[in-house]
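Dear colleague,

I am passing this structure on to you, and below it you will find what came out of a first look. Please read the notes alongside the structure itself.

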Amino acid sequence: LQGQQAAVTDIDLPSLLSLAGIDPTDESVRTRLPSPPEISSMYGPAPVILGEESCPAFRSSVPPSRRHVGPAGLLNTGTNML
């Protein structure tokens, strides 16, 4: 995703619901979910990825066998999706 951002309005909600094991055609579920404009007003129009400028330095100083991937962030910000 380096250098790329997806807008909240680009989210494919039916696919995300299916991946989560939720029937995307269940109207009782969909009516309880916030709309893309509501999501955008709560979290902003696109994901914020901090620290990308330090990736080359990290890659050059840490051997691949010592690298670990892990999400970081506040609860309720999508880190559980990673």
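Among the elements of the protein, the mean pLDDT (the predictor's confidence in each residue, from 0 to 100) is lowest in helix α3 (residues 36–43), at 83, and highest in helix α4 (residues 55–61), at 91. For the protein, the mean pLDDT is 79, and 79% of its residues reach 70 or more. Where pLDDT is low, the predicted coordinates should not be read in detail.

This is a predicted model, in which local features need pLDDT of at least 70 and side-chain atom pairs count only at 80 or more, while totals for chains, interfaces and linings use all residues. Residues are numbered from 1 along each chain as its sequence is written, and side-chain values use heavy atoms, leaving out hydrogens and water.

The protein has four helices and zero strands, where helices (H or I, at least four residues) and strands (E, at least two) are DSSP runs numbered from the N terminus.

Of the 82 residues, 10% are buried, meaning under 20% relative accessible area, with exposed over 50% and partly exposed in between (1.4 Å probe, protein chains only). Leu 16, which is found in helix α1 (residues 13–19), counts as partly exposed because its relative accessibility is 37%.

Among contacts (heavy atoms within 4.5 Å) between residues at least 6 apart in sequence, 53% join residues at least 24 apart.

Best regards
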